[in-house]
Structures are given as structure tokens and as C-alpha cells.
Amino acid sequence: MMVCEFKPGLDGVPAAQSSISNVDGQKGILEYRGIRIEELAKKSSFLETAYLLIWGELPSKEELALFEHEVHQNRRIKYRIRDMMKCFPESGHPMDVLQASAAALGLFYSRRDLENPAYIRDAVVRLLASIPTMVAAFELMRRGDDPVRPHDDLDYAANFLYMLHEEKPDPVAARIFDVCLILHAEHTMNASTFSARVTASTLTDPYAVVASAVGTLGGPLHGGANEEVIRMLEEIGSTKNVRPYVLDCIQRKAKIMGFGHRVYKVKDPRAKILQDLAEELFAKVGYDKYYDIAQEMERVVEEKLGHKGIYANVDFYSGLVYRKLGISTDFFTPVFAMARVAGWLAHWKEQLVQNRIFRPSQVYNGRHNVDYVHITERG
């Protein structure tokens, strides 16, 4: 029998061959289908980037227009799904609501017709279109308000902000939010993407694939970290408290939220872009005092831990941007999920091409040849 080396968290173990995205953690490079993230953030839109990730090439002008039209036409959700969401507790975490709602879509639309290109395209369009509507709807529902209907004349990012606040967003804010979605759309074989591919390998429907990935993303060590960053900055409260806080964390060997990455050993390229976006947004709609704390914290952490390859990651500045856009702290991760649906669907589609169900081995470290003891004789 072959003995395998145990790798906690499958660290460094390839789980798939993929042409979707690539990360060079030593140089701080992130590419979607070979295109640098800086280029896409500057020149693309979220739906164009989603098309690139899922179908492998940038669309023509006609292809993009058709794709955008299809997404816009499928933004509304079934009234029964809205009614189901109204029954969820107001105190429930939005990620739990999103997971249940994404799975519920499969009750209405799943046929598991995975060899039919039309079914695959319909599922892609419906998930990209419906997830933002469900996220915005629950934010209003938990306050006792009816959800806002999608605005047919607004693009993907602007429409979400409209459904959240019931007013057309500032064009600068909408564009910045669109770039945020691009930055979060895909990131190689992270935990939620691995979860998506494992689920996809069973040949279940794409709604279950997305629901499983949403559940994985909800943990504080994955997508939930940006929520924890804001709470950390609020706890620190002032720039003068930053250094004592960081030194205390180092002494206790406690994790500093928003810093460090399993892949990047330099500053996350998405964090650099988000920092620029934050400054642009503050100049437009007003400053955030916690940005000073964040800058000081990055400086101190880099001074103390940079030699270990611990730098700011994507979660460190994203929360500050989302907060200034009027997004509630516990909705940061659902917004992350809105974007990452594009990457999950790209991996779902790729998994189907040469599928084999995941069945990893384990290293057994339990007992052998143990006798059964009758219940009357147990101590």
C-alpha cells in the first residue's frame, strides 16, 4: 500500500489543471486568462471580465452587448423566493441567507442538463443576474422594507447600489464598485473554489455548486476577513493605539486580520488597487477616519512582519471601500460572493470538460483490532 505524505490543508498539493487564473505570489502578479489584474481594473467591466473568465476569451462588441442584455433581463427573482427570504430571521447572517437562496434557485431552474450549452449559458446568466438581487433584497427585508426592483437602465454595479439605497449612485462610486467586483471575481484554487469544483465533480447542478462555495466563503479565514478588519480598526480606534495593538498580537501570536496570505509573500496586487480606489472614493464622497488607522497599521505590520512575507491582502482595504459605498459590514462577504460567482462558474464549466469525481485519500491514525464491548459492560 502506498503511503502518502500528509499535507494539512492540502498545502501545495495541485487539485486541478486550470487555465482560468494565475498567481505569482513572490512577484505579486495576478492574471485572469493571462491578462494582468491591473489592466482589467483599468480597462474592463465586471460583466466583460466574467465573460472572459467563463468562456476563456474577451467578447466581441456584439457578444458583450448580448451577454449584458441577457443578464439585465434576468435580474428579477421569483416571488416565491422573495417570500421564502422574508421568512428568514432578521438576525441571520446574510451569507447563510445567500447560501439558502442560491440553492433555492435550483428548485426552479435545475434540470442538470450539463451537456446542453444552452442550459449552461442560462445557468451562468441566471446566477450572475440573481445573486445581486437576492443580496440587496435581504438587506432591505431585514429592516422591514420591501425589496427594490432592479433598474433596467443601470449597469451591473450601479444597479446593485440602486437596489441597496433606492437612488441612482454617483457614477464615480458605481465605477469604483464595478472595479471591486473585478478584483474579487477569481483567485485560483482557494477554499471556496475548491469546494465548488468538488461539488461540480459530482455532476450536480450549478446552483448547488454556487451554494456550496458560498458556504465555504462565509468563514472568517476566507471571505469573512474583511468584516473582521473593520471591527479591528474600530477596536483600535486611533493611530496612537496601532503599534501597541500590533505588538500585542505578535506577542500572543494572534492573527492580524487583513494581513498575510497563503500565496502572496508581497503586498497583494488587489490591495494596491483597492487602496487607490479608497482614496479616490474618499476624495469624492468624504473621508473615513479609519483610513488613517489602516495606513499606520500597514506601516507597522510591514516594519515588524514584512521580513516574514506578511503584507496587506485584498481584505484589508475592501471593507473601507464597501463601507463608504453604504454597504453594511455583515454584507461585505455577500458582495464578495457576488463577484466570485464568476470565478466559481468558470471552474464549474472547466471541471465539466474532463471531469473525474474528487476522492482524495486520508492518513488513518486511529486504533486497530478493537473489540466491541456490550453496553452493559462499559465503564
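**View 1. The second largest pocket of the predicted model.** This pocket has a volume of about 510 Å³. It is lined by 17 residues, and the closest to its centre are Leu10, Val13, Arg359, Pro360 and Ser361. By class, its lining has 11 nonpolar, two polar and four charged residues.

**View 2. The largest pocket and the residues at its centre.** About 1500 Å³ of space lies in the largest pocket. Its lining is made up of 50 residues, with Met189, Asn190, His261, Arg262 and Val263 the closest to the centre. Strand S1 (21-24) gives two or more residues to this lining, as do helix H9 (191-200), helix H12 (242-252), helix H15 (314-324) and helix H16 (332-353). The lining residues of the largest pocket divide into 24 nonpolar, 16 polar and 10 charged.

**View 3. Helix H3 (residues 61-73) from end to end.** The helix has 13 residues, and at 1.5 Å a residue it should span 18 Å.

**View 4. The buried and exposed sides of helix H3.** Leu64, Phe67, Val71 and His72 are buried in H3. Seen down the helix axis, these buried residues fall within an arc of 135 degrees, so they line one face of H3. Exposed residues Glu62 and Gln73 are carried on the face turned away from the buried side.

**View 5. Packing partners of helix H3.** Phe67 and Val71 are among the buried residues of H3.

Key: Residues are numbered from 1 along each chain as its sequence is written. This is a predicted model: local features need pLDDT of at least 70, side-chain atom pairs count only at pLDDT 80 or more; totals for chains, interfaces and linings use all residues. Side-chain values use heavy atoms; hydrogens and water are left out. On a 1 Å grid over the protein atoms alone, a cavity is a set of points where a 1.4 Å probe fits but cannot get out, and a pocket is an open set with protein on both sides within 12 Å along at least five of seven lines; lining residues have an atom within 4 Å of a point. Grid points are joined across faces, edges and corners, and a volume is the space filled by probe spheres set on the points. Helices (H or I, at least four residues) and strands (E, at least two) are DSSP runs, numbered from the N terminus. Ala, Val, Leu, Ile, Met, Phe, Trp, Tyr, Cys and Pro count as nonpolar, Asp, Glu, Lys and Arg as charged, and the others, Gly among them, as polar. The expected span of a helix is 1.5 Å times one less than its number of residues. Buried means under 20% relative accessible area, exposed over 50%, partly exposed in between (1.4 Å probe, protein chains only). The arc is that of the directions from the helix axis to the C-beta atoms. Contact means heavy atoms within 4.5 Å.
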